Amino acid sequence: MFDISLLYELKKGNREAFNGVFRYYYPRMMAYVASMVEQKVAEDIVQDVFLYVWENREKLYVSDGFHSYLFQSALILTRNIWKIIRIC
């Protein structure tokens, strides 16, 4: 089970907390995104989401909805990729 206290520590800039969040969510997000796009593209999308979280950690809204936030962010990026693929 995910420990929400990690999000409070992440917000303060604690790298170990970020690593804990990453280790918990990365495999789940990869499975989700890789079901929609190829593996390499999925890796890029998931990494972009986590990079955004780290870079904007001070603005992070800590709640039980963090899970939804991550997956919704990944879905939006995936849809953007689909649009680009259709254009090309």
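## Salt bridges

K12 and E9 join their side chains in a salt bridge, with N and O 3.3 Å apart. This is a predicted model. K12 is exposed, at 66% relative accessible area. E9 is partly exposed, at 30%.

K40 forms a salt bridge with D44. Here the closest N and O atoms are also 3.3 Å apart. Both residues sit in helix α3 (residues 39-55). They are four residues apart, so about one helical turn separates K40 from D44. D44 is partly exposed, with a relative accessibility of 33%. The count of salt bridges comes to two.

## Aromatic pairs

The model holds 11 aromatic pairs. One of them is Y25 with F66: the ring centres are 5.8 Å apart and the planes stand at 65°. Edge-to-face requires an angle over 60 degrees, so the pair is edge-to-face.

This pair links distant parts of the chain. Y25 lies in helix α2 (residues 15-34), while F66 lies in helix α4 (residues 66-87). The two are 41 residues apart. Y25 is buried, at 4% relative accessible area. F66 is buried as well, at 3%. Y25 and F66 belong to one aromatic cluster with F2, Y24 and Y69.

## Charges over rings

The charged end of R28 sits over the Y24 ring, 3.9 Å from its centre.

W54 has a charge over its ring too: R57 lies over the face of W54, at 3.9 Å from the ring centre.

How values were computed
Residues are numbered from 1 along each chain as its sequence is written. This is a predicted model: local features need pLDDT of at least 70, side-chain atom pairs count only at pLDDT 80 or more; totals for chains, interfaces and linings use all residues. Side-chain values use heavy atoms; hydrogens and water are left out. A salt bridge is a side-chain nitrogen of Lys or Arg within 4 Å of a carboxyl oxygen of Asp or Glu. Buried means under 20% relative accessible area, exposed over 50%, partly exposed in between (1.4 Å probe, protein chains only). Rings of Phe, Tyr and Trp (its six-membered ring) pair if their centres lie within 6.5 Å; planes under 30 degrees apart count as stacked, over 60 as edge-to-face and the rest as tilted. A charge sits over a ring if NZ of Lys or CZ of Arg is within 6 Å of the ring centre and within 35 degrees of the ring normal.
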